[in-house]
Structure formats: C-alpha cells, structure tokens
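Open the structure in a viewer and keep the selection tool at hand. The stops below are given in the order in which to select them.

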Amino acid sequence: MLTINLIREQSSFVIERLKVKNFDATATVALVLDLDRRRRELQTESDSIQAGLNSLSREIGAMMKEGRKAEAESARIGIGAMKDKQKQLADTLEEVTGQMQAELVKLPNLPHQMVAPGKSAEDNVIVRSGGEIPQLHGGAVPHWDLIKKYDIIDFDLGIKITGAGFPVYKGKGARLQRALINFFLDEGGRAGYREIEPPIVVNEDSGFGTGQIPDKEGQMYHVGIDNLYMIPTAEVPITNIYRDVILDAAELPVKNVGYTPCFRREAGSWGAHVRGLNRLHQFDKVEIVQIAHPDKSYEALEEMVKHVESLLAKLELPYRIVRLCGGDMSFTSAMTYDFEVWSAAQQRWLEVSSTSNFEAFQANSLRCRFREKGAKQTTLCHTLNGSALALPRIVAALLENNQSPEGIKIPAVLVPYTGFDLIS
C-alpha cells in the first residue's frame, strides 16, 4: 500500500508513474486527498477538545482544593458535554480513516523509473540470456507424453483423487521432485538464506500484508469456515513473519528461503500452453525473500537475480531474463525480472521465476520497519522475493530438453540428490 505522505506530497508524480502500469489514478488520488484532509481536520478538532478537557480538569482540581465545590460541580457538566463531542468525533474519524484506507488499497505500487511502458509481455525487455538450446532427436515428444511413457507423473490419478491440475508424482518422478526441492534449498542456504518451513494456510491479515487481498483473493483457495487462505506462494507466510516487527538497521538484510506447496484457483484456460505441467492448481516452489534497507534494495534485487540465474546455469537449461514492462507487472511490484527456460519439444519459452522488489509497498501494509542506531524514528523496510525456483515448468523443460532414445538424462548437479542419472 502506498503511504499517505507520498500521495499528499507527490500526488502528480504518483498519477504519472501509475500511467506506466496503465492505471488511471486521478480520481482515486483526489478522493484519498479529500478524505485525508477531512481526517486531519477531525484529528485536530479532537486534539483541541482533549487539550480543553485537560485544562478544565486542572481547573476543577484547583477549585476542589480551594473549597469551591459548587463551581467544580458546574464545571464537571461541561466536561461531560465535551466528552460526548469527542466520542462523536472519534466515531467519525474512524469511519473517514476506514474510507481512506479502502481507497488507498486500490492504488498499485509505483513502477521504478527503469520500468518501460507497455501493455503486455510483448513489450517486456530481454536483459540477457544463457545456455545452449538443445537439438532433439527425431522422435522427441512433449513432456506430457514423456511422463506417460516413463510412468513418472499421473494426471488421471490426480483427477480421481482431487480434480484437474493436481498431479500425482510417482517413482523417479517423485524422486526428481524431491531432488529439485533439496537442491534449491541447499543452494539458498549456501547463498546466505536462512531456511524457513512456514504454514501453507494464512489468515486474512497476512493476505492483506503482502497484497494478495484485496487484489487476488479470487485466485486463492478459501477455507470459509475458518476464514483462512491456501497460500499461492511461500512469499506470503515468510514475509508476514515480519509483520508488526521493528528491526535494527544492523540486522538488514534479512534473507530467508523456504519450500512450500502452492495453490492457485485460477490455473488458466484450455490449450497446449497450459497442458501438462505448464499450469497447475497445486505445485511446489522454493522461494527466496529479503527484507532490505531502502538504500540497498536494488543491490539486493540484483543479487537475487544472479542467484536464480546460477540455478538455471547449474541445471544446464537455456534461459533468458526479462524485465517486465508496466502493463505486465503485478499490482504490488516496483520492478520485476522474469526468468524463462526454453522448452525444446514445445518450442517456446516457459516462465519459471519472477523476482521482484516491492520497495516499501508491502512493508507499509505489514508495518515492517527498522530503526537506525541511536534514532527514535522508524523507517519502512523494502521487501523482495523471488521464485528459486518453481518446479513444474523446470521439470517440463528438464524432461523435454534431456530426452534421448535411451531415456531422459538427469543433470549432473542433481544426480547426488536423485541417486540415478537416467529415467528409462
């Protein structure tokens, strides 16, 4: 959520920057400023009444000491009327503040100055690429055929147990899944991230803190009887560890890595682009999260990008890094890099990671702050997260790119985790 100070002091800048996200903020900003003005007027009036109450209470105390009881009793009537007025003001102030908050959460985060205007993925900027695109043998097939051939992932069984988009991993497919999770976690640990195993359901406050609510609640599975949400990513519970927390500046950056299953209600439409592992309702993902000093958050973002890039290089997957344009960015992000791997059998790029800096947008909702040594005031942290990595499309690319007439070769870096080097 954008801070009211930013909107009050730089309203024109806010409106102009949000145009890069194709968002017209003119009316919302005007309403927020009007509600903010009304809120401050009510607060000033309430403070004035409180000052009068304090002064009158002192006068009544003096009257009682001097034996002027009749005057004191008469003055107490005035106190009652003032308290009634203050209560009315407090109720109105709460209502106006609630209205202002409801409008504030409608405003997306401001895109960083480096973010290009644009409306869709076609306007994204390719930053760099790596790896070699493989040349497959004549009988190469997409991963949805490979998983049936080697009996390693079963979509029909998932439909029987739950429904579409909930695959069952079997045998070497399950081992490969576990190998990737452990490899990604170990690599995160080696890069200085502390491992976290969080809950996979969160409450409404957590969803609000990281921006899934009110923006994406329709995409999350909702446990209605308990008003809990199945997480769409480990970003949500891990970042919410720092909700209502004041850190020391010396503690920054805080770096966490965690594995969780992830759940998405909206898994896309029918077609080859969402077939097989390309888009699921339940999938596994390892997430990296940083809580950073505002002066160093873009250094942290670059570090996270290099970490994700190193994972793809070690898996020997051809990849490219894309900086998203304004129209393709999330509601909460200030800057996002997507990572895509080449799917040789599908002949297209598959997104496998988004790595983003949210600046103070999430931290403001989370009330995640830090204090410099010796300072009294606190400052909002910057929050960042990245997929490191999401498994389904990584598995799809590994299966397709490494297939041969003899079987599917496992990348050397994973063999110590799988215990085998070939799926045959």
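The tour goes from a sheet to a pocket and then to a pair of helices.

The model is predicted: local features need pLDDT of at least 70 and side-chain atom pairs pLDDT 80 or more, while totals for chains, interfaces and linings use all residues. Residues are numbered from 1 along each chain as its sequence is written, and side-chain values use heavy atoms, without hydrogens and water.

Select 246-248 and 379-380, the edge strands β8 and β15. Strands are DSSP runs of E of at least two residues, helices runs of H or I of at least four, numbered from the N terminus. With β14, they form an open, mixed sheet in the order β8-β14-β15; strands pair if DSSP finds at least two bridges between them. Aspartate 248 is opposite arginine 371.

Next, select Arg264, Asp338, Glu351, Ser354 and Arg393, which lie nearest the centre of the largest pocket, among 45 lining residues. (On a 1 Å grid over the protein atoms alone, a pocket is an open set of points where a 1.4 Å probe fits, with protein on both sides within 12 Å along at least five of seven lines; lining residues have an atom within 4 Å of a point.) Strand β13 gives the most to this lining, eight residues.

Last, select 143-150, helix α5, which packs against α12 at about 75°, with the axes 9 Å apart. The two helices are therefore roughly perpendicular (65 to 115 degrees; axes are lines fitted to C-alpha atoms over the stretch in contact, and angles run from 0 to 180 degrees between N-to-C directions). His143, Leu146 and Ile147 of α5 meet Ala396, Leu399 and Glu400 of α12, contact being heavy atoms within 4.5 Å.

Key: Angles under 35 degrees count as roughly parallel, over 145 as roughly antiparallel, 65 to 115 as roughly perpendicular and the rest as oblique.
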